[in-house]
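Thanks for making time this morning.

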Amino acid sequence: FHITHWFYVDSLIDWYHTALFDERLWAILPAYMQDVVSHGQDTLYVPVFTPPLDGVKRPTQLLRVTRTAPDRYAFDWTDVKRYVDLARRSGVTAFEWCHFFTQWGAKHALRIYEGQGEDERLLWPTETEALSPTYRAFLTQYLPQLHRFLTEERLLERSFFHVSDEPHADHLPQYQTDRALLRELAPWIRVMDALSDIAFARQGLMDMPIPSISTALDFVAEGIPCWCYYCCGPRG
């Protein structure tokens, strides 16, 4: 079975004081990629955008984005390919792609930067809603390019996708609408998310639920296939 521990490039940037994805960081990354593989990990998180996890992070956006006109964008995949190639040479065989919506509610668009975030110039305000015309226009352009990249790199069958991390019961309506948007724009995407509320799985909102180890057996008891995850609990 697949094993992944989320890989936070922003931590390496902070520790080594690199200038985002400069040549020093590219020289540092292989040792860490090889280390996680040596500990049994086969899947690596790709920060194609800054991971929307655990609060606001230093920009770590592999994909270069340029606004060419209102609601029109150009994409440069050079660093995404460099990261993926480096990971494959380090022994990684599968990849997780950045969550499409914000954590703990799935209410907002991601924090996506002009360029790679060097000047921290966001393409839209942080309160931009997940289903806003602005973000829909972006996803309409980004998702076909993501599909093209994964197809050309022969990664489509070895990639995992997420809607939003750790949705709770009161987030169910928002998650439903976000998932419907992805189904409309990218029907080829199969999603998996960490969660504990079995209602999401009962409604078939995700292709592979990932309950906490403390609730995974509830899913098994109902005959729902699942992964499981460890985070801050249970403890003791």
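How many disulfides does a search of the whole structure find? The search finds 0, where a disulfide is taken as a pair of cysteine sulfur atoms within 2.5 Å. Before going further, please note that this is a predicted model, in which local features need pLDDT of at least 70 and side-chain atom pairs count only at pLDDT 80 or more, while totals for chains, interfaces and linings use all residues. Residues are numbered from 1 along each chain as its sequence is written, and side-chain values use heavy atoms, with hydrogens and water left out.

Back to the cysteines: the sulfur nearest to that of C98 belongs to C231 and lies 17 Å away, and C98 is buried at 3% relative accessibility, buried meaning under 20% relative accessible area, exposed over 50% and partly exposed in between, with a 1.4 Å probe and protein chains only. C228 is likewise in no disulfide, its nearest cysteine sulfur being that of C226 at 7.0 Å, and C228 is partly exposed at 36%.

Now to the charged side chains. The count comes to 12 salt bridges, each being a side-chain nitrogen of Lys or Arg within 4 Å of a carboxyl oxygen of Asp or Glu. One of them pairs D85 with K81, with the closest N and O atoms 3.1 Å apart; these two residues are 4 apart in helix 3, and so are separated by about one helical turn. Helices here are DSSP runs of H or I with at least four residues, and strands are runs of E with at least two, numbered from the N terminus.

Another salt bridge joins R88 and E153 at 2.8 Å, N to O, and this pair links distant parts of the chain, 65 residues apart, with R88 in helix 3 and E153 in the loop between helix 4 (133-152) and strand 5 (159-160). R88 is partly exposed at 25%, whereas E153 is buried at 14%.

Finally, the helix pair. The axes of helix 2 (residues 23-38) and helix 3 (residues 78-89) come within 10 Å and cross at roughly 30 degrees, the axes being lines fitted to C-alpha atoms over the stretch in contact, and angles running from 0 to 180 degrees between N-to-C directions. Where they meet, with contact meaning heavy atoms within 4.5 Å, helix 2 contributes E23, W26, L29, P30 and M33, and helix 3 contributes D79, R82, Y83, L86 and A87.
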